[in-house]
Amino acid sequence: MPNTSVKVGDSTNEASASTLPDKKAFCQEVKAVVRTAGKGFSPLRGTARKDNTEDVSIWEATKSVQDFRCAVYHTRVLGDYVYCVQAHPDCKAAQDGFYLFSSYLMSTCYPGWSWQDSRLSTWDSYAQRRMVMATNDEGLRISLETGRAKDSYSRCELTLTFELL
């Protein structure tokens, strides 16, 4: 006889429920990055990279967001931004992460922002990219994008960007 104590919405595999990134922790980490925007993200600047130039300065971020690897950029042309990357050997995992994190951003972290959802490169379903983005009244844009890795077509990446416009 089937287990009748399991209710709709319950996970029958406890391990699967624990593998999802924590929504509250994700939003706290995103909001911590956003709080530094007024200072040009300078509180997040850690160790400077050796490949800095007169036009571009890059630092490893002192804080990250979940499993994203983040860096702080100061550029003469584009200004200040934080660029975070999460690499995936499996593109399905990157796509799943995109759906999960975009829902966190739009429904929990910043539900009052006007989020735009766009599919990029829809002509090629194999290389399909997807992005959500929103800009607040202070000129801070947050974007989340998934697509093929720039250095390997077989891998995919999620990128989370915080940009001062």
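The buried residues of helix 2 are covered by elements that include strand 4, helix 3, strand 7 (140–148) and strand 8 (156–164). Here, contact means heavy atoms within 4.5 Å. Helices (H or I, at least four residues) and strands (E, at least two) are DSSP runs, numbered from the N terminus. Buried means under 20% relative accessible area, exposed means over 50%, and partly exposed lies in between (1.4 Å probe, protein chains only).

The model is predicted; local features need pLDDT of at least 70, side-chain atom pairs count only at pLDDT 80 or more, and totals for chains, interfaces and linings use all residues. Residues are numbered from 1 along each chain as its sequence is written, and side-chain values use heavy atoms, with hydrogens and water left out.

Three helices and eight strands make up the secondary structure. Along the sequence their order is α-α-β-β-β-β-α-β-β-β-β. The protein has 165 residues, of which 38% count as buried. Among contacts with a separation of 6 or more, 46% join residues 24 or more positions apart. The accessible surface is about 10,000 Å², and carbon and sulfur atoms account for 51% of it. Accessible areas come from the Shrake-Rupley method with a 1.4 Å probe; for residues, only the protein chains shown count as cover.

Helix 2 spans residues 23–35, 13 residues in total. From first C-alpha to last it reaches 18 Å, close to the 18 Å expected at 1.5 Å a residue. The expected span is 1.5 Å times one less than the number of residues. Asp22 caps the N-terminal end of this helix, with a side-chain oxygen 3.2 Å from the backbone nitrogen of Lys24. Within helix 2, Phe26, Cys27, Val30, Ala32, Val33 and Val34 are buried.

Beyond its neighbours within four places in sequence, Val30 is in contact with Val65, Leu105, Tyr110, Ile142, Leu160 and Phe162. In soluble globular proteins, nonpolar side chains tend to be buried together.

Charged pairs were examined next. A salt bridge is a side-chain nitrogen of Lys or Arg within 4 Å of a carboxyl oxygen of Asp or Glu. Seven salt bridges meet this rule. Glu54 pairs with Arg76, the closest N and O atoms being 3.3 Å apart. Glu54 lies in the loop between strand 1 (45–48) and strand 2 (56–61), and Arg76 in the loop between strand 3 (69–75) and strand 4 (79–88), so the pair ties together parts 22 residues apart in sequence. Glu54 is exposed at 68% relative accessibility. Arg76 is also exposed, at 54%. Asp55 forms a further salt bridge with Arg76, with closest N and O atoms 3.4 Å apart. Asp55 too sits in the loop between strand 1 and strand 2, so its pairing with Arg76 ties together parts 21 residues apart in sequence. Asp55 is partly exposed, with a relative accessible area of 41%.

Lys92 and Asp96 have their closest N and O atoms 2.8 Å apart. Both belong to helix 3 (residues 91–109), four residues apart, about one turn of the helix. Lys92 is partly exposed at 48%, and Asp96 is partly exposed at 36%. Arg49, Glu60 and Arg69 are linked in a network of salt bridges.

Backbone geometry was considered last. Most residues other than glycine have a negative phi. Phe41, not a glycine, has a positive phi of about 65°. Phe41 is placed in the loop between helix 2 and strand 1 and is buried, with a relative accessible area of 0%. Gln66 also has a positive phi, near 50°. Gln66 lies in the loop between strand 2 and strand 3.

Terms used
Polar contact = N/O pair within 3.5 Å; in protein donor to acceptor, adjacent residues only side chain to side chain.
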